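Please open the structure in your viewer and keep the selection panel at hand.

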Amino acid sequence: FVDLPEIGDEFEASESFGSVESVKAASDVYAPISGKVLEVNEALTDEPALVNSSAESDAWFIKMEMGDGSDGEVGELLGEAAYKEHCEKESS
């Protein structure tokens with residue numbers, strides 16, 4: 001199950017905007033930057049397994065319009081290599 005926000009909802013960076021639930025657990029999903037939701041991936045409602053099978057392409061959650069002041073937040077985002085390193089540290 002994937003719970004997503006409504007178009008037009010606004011979130012601050014690091015604020016939970018939805019959740020992903022499986023048989024074993026539920027996890028919040030957090031906004032990477034501050035802004036307003038422009039689009040929601042409705043495909044996840046019908047096929048939540050995309051989160052596992054197609055995480056880097058078809059399983060995007062939302063598209064956001066950057067809010068005022070979010071330019072500085074973009075510089076704090078992790079690139080692919082740094083994110084993989086972060087995940088490896090978290091799992092060990």
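Four salt bridges are counted, a salt bridge being a side-chain nitrogen of Lys or Arg within 4 Å of a carboxyl oxygen of Asp or Glu. Side chains of opposite charge can pair when their charged atoms come close. This is a predicted model, in which local features need pLDDT of at least 70 and side-chain atom pairs count only at pLDDT 80 or more, while totals for chains, interfaces and linings use all residues. Residues are numbered from 1 along each chain as its sequence is written, and side-chain values use heavy atoms, with hydrogens and water left out.

**Strands β5 and β6**

Select E65 and K36. Their side chains form a salt bridge, with N and O 4.0 Å apart. Because E65 belongs to strand β6 (residues 62-66) and K36 to strand β5 (residues 35-40), this pair ties together parts that are 29 residues apart in sequence. Helices (H or I, at least four residues) and strands (E, at least two) are DSSP runs, numbered from the N terminus. E65 is partly exposed, at a relative accessible area of 40%; here buried means under 20% relative accessible area, exposed over 50%, and partly exposed in between (1.4 Å probe, protein chains only). K36 is likewise partly exposed, at 30%.

Next, select E39 and K63. These residues form a salt bridge whose closest N and O atoms are 4.0 Å apart. E39 lies in strand β5 and K63 in strand β6, so the pair ties together parts that are 24 residues apart in sequence. Relative accessibility is 35% for E39, which is partly exposed, and 41% for K63, also partly exposed.

**Helix α4**

Move to residues 80-91, which make up helix α4, and display K84 and E80: the two are four residues apart, or about one helical turn. A salt bridge joins their side chains, at 3.3 Å from N to O. Is E80 buried or exposed? With 54% relative accessibility, E80 counts as exposed, whereas K84 is partly exposed at 46%.

**The three-stranded sheet**

Finally, colour strands β1, β3 and β4. They form an open sheet in the order β1-β3-β4, with antiparallel pairing; two strands pair if DSSP finds at least two bridges between them. At the edges are β1 (2-3) and β4 (26-30), each of which pairs on one side only. Strand β3 covers residues 16-21 and is joined to β1 by two bridges, the two strands running antiparallel. To view a bridge position, select D3 and its partner in β3, S19.
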